[in-house]
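Subject: Structure handover

Hello,

Here is the structure you are taking over. Please open it first, then read the notes below.

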Amino acid sequence: MPRNPTVAFELRRFAEAELRERARLVFDEMDRRRSVRSFSADPVPREVIEDAIRAASTAPSGAHRQPWTFVLVGDPEVKRRIRIAAEDEERENYAGGRLPPEWREALAPLGTDWRKPFLETAPWIVVVFEQRYGWNGDGTRRHNYYVKESVGIACGLFIATLHRLGLATLTHTPSPMAFLSDLLGRPRNERPFIVFPVGYPADDCRVPELVRKPLDEVMIEVRAGDLSHNGDNRP
Ligand SMILES: Cc1cc2nc3c(=O)[nH]c(=O)nc-3n(C[C@H](O)[C@H](O)[C@H](O)COP(=O)(O)O)c2cc1C
């Protein structure tokens with residue numbers, strides 16, 4: 001493969017005081033994001049969702065394969081079918097005893113159950129599929145690289161974009177999700193990754209009170225002086 005030509009790249013550079021201020025503001029804004037399970041039926045223009053998907057699709061990806069498909073659903077009948085099939089799976093998980101006790105205990109504080117009315121209420125559902133492999137021009141399989149990492153990052157950008165637009169979503173994984181491939185007519189190289197209902201929160205929307213880990217629980221700094229000389233650094 002020939003190497004790509006290069007293009008000049010520049011980023012706006014902020015003076016330090018502004019940089020610090022912006023960092024605070026970005027954190028404050030991201031810290032207000034919450035997963036929403038109660039949506040308003042108010043419409044959201046399709047073009048807005050398309051731009052959010054464009055933004056998500058700017059994500060970095062292994063070997064720039066962009067191994068994702070964002071399936072957009074606004075048709076009430078298709079939303080209804082997704083809800084019915086998702087609730088069938090989730091009923092089995094919650095009421096049928098398919099969830100292992102440890103998982104059930106982890107979910108208890110969130111108050112979730114098998115009912116997923118938001119899959120019909122939200123004006124849009126975006127189902128993201130990972131492309132496990134692609135196709136060459138001659139019909140042979142084309143390998144994709146770091147598919148889960150790439151699609152996960154694209155989904156993160158999608159969530160952040162929606163939040164910046166004042167739109168709510170839920171990272172929903174009605175497990176197992178295989179029913180979505182058939183229901184949405186996706187090819188065999190694609191596997192369902194995450195279901196995102198998208199819209200405005202309901203007027204009476206409430207979310208579980210959560211505390212996020214403080215910085216010192218999610219970040220450590222490593223300096224050479226902290227490391228042993230014989231390379232044996234694991235606890
Ligand atoms: C990969 C993944 C799968 C999730 N699946 C579900 C789900 O199926 N149903 C649900 O109600 N929440 C689901 N969540 C949302 C989490 O419960 C939520 O992100 C977490 O409780 C933190 O809340 P917050 O998003 O409001 O910060 C999922 C989150 C992730 C990252």
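Two strands count as paired if DSSP finds at least two bridges between them. Keep that in mind for what follows. One caution: this is a predicted model.

**Overall layout**

The protein chain has 235 residues, and 24% of them are buried. Its secondary structure comes to 8 helices and 6 strands. Read from the N terminus, the order of elements is α-α-β-α-α-α-β-β-β-α-β-α-β-α. Along the principal axes, the C-alpha atoms fill a box of roughly 55 × 55 × 40 Å. Take the contacts between residues at least 6 apart in sequence: 80% of these join residues at least 24 apart.

**The sheet**

Start with the sheet. It is open and has 4 strands, in the order β1-β2-β6-β5, with antiparallel pairing. The edges are β1 and β5 (residues 168-169), and each of these pairs on one side only. Helix α2 (residues 46-56) packs on the sheet. This helix touches β1, β2 and β6 (residues 190-199), and its direction makes about 170° with that of β1.

Now go through the pairs.

- β1 and β2: these strands run antiparallel and are joined by 6 bridges. Trp68 has Glu130 of β2 as its bridge partner. Phe70 is partnered by Val128 of β2.
- β2 and β6: the pairing is antiparallel, over 8 bridges. Val127 stands opposite Val195 in β6. Trp124 faces Val198 in β6.
- β5 and β6: 2 bridges join these antiparallel strands. Thr169 stands opposite Val198 in β6.

How well covered is β2? Mostly: 8 of its 8 residues are buried. In a regular strand, side chains alternate between the two faces of the sheet. In β2, Trp124, Val126, Val128 and Glu130 point one way. Ile125, Val127, Phe129 and Gln131 point the other way. Residues of both sets are buried. Strand β6 has 9 of its 10 residues buried, so the rest of the structure largely encloses it.

**Helix α1**

Helix α1 covers residues 16-31.

**Around the ligand**

The residues around the ligand are Arg34, Ser35, Arg37, Leu110, Thr112, Leu170, Thr171, His172, Thr173, Pro174, Val207 and Leu210. By type, this shell divides into 5 nonpolar, 5 polar and 2 charged residues.

**The loop at Gly74**

Gly74 sits in the loop between β1 (residues 68-73) and α3 (residues 76-94). Why does Gly74 count as partly exposed? It has 16 C-beta neighbours inside 10 Å, and the partly exposed class lies between 12 or fewer for exposed and 20 or more for buried. Leaving aside neighbours within four places in sequence, Gly74 is in contact with Arg46, Pro123 and Trp124. Gly74 and Arg46 are 28 residues apart in sequence. In space they are 8.7 Å apart, C-alpha to C-alpha.

**Backbone points to check**

Most residues other than glycine have a negative phi, and most peptide bonds are trans.

- His64 is not a glycine, yet has a positive phi of about 50°. His64 lies in the loop between α2 and β1. With 10 C-beta neighbours inside 10 Å, His64 counts as exposed.
- Gln66 has a positive phi of about 45° and is not a glycine either. Gln66 is found in the loop between α2 and β1. Gln66 is partly exposed, with 18 other C-beta atoms within 10 Å.
- Pro176 is in the loop between β5 and α7 (residues 179-183).

Best wishes

Key
Residues are numbered from 1 along each chain as its sequence is written. This is a predicted model: local features need pLDDT of at least 70, side-chain atom pairs count only at pLDDT 80 or more; totals for chains, interfaces and linings use all residues. The expected span of a helix is 1.5 Å times one less than its number of residues. A residue is near a molecule or strand if its C-beta atom, placed from the backbone, lies within 6 Å of it. Ala, Val, Leu, Ile, Met, Phe, Trp, Tyr, Cys and Pro count as nonpolar, Asp, Glu, Lys and Arg as charged, and the others, Gly among them, as polar. Two residues are in contact if their C-beta atoms, placed from the backbone, lie within 7 Å. Axes are lines fitted to C-alpha atoms, for helices over the stretch in contact, and angles run from 0 to 180 degrees between N-to-C directions.
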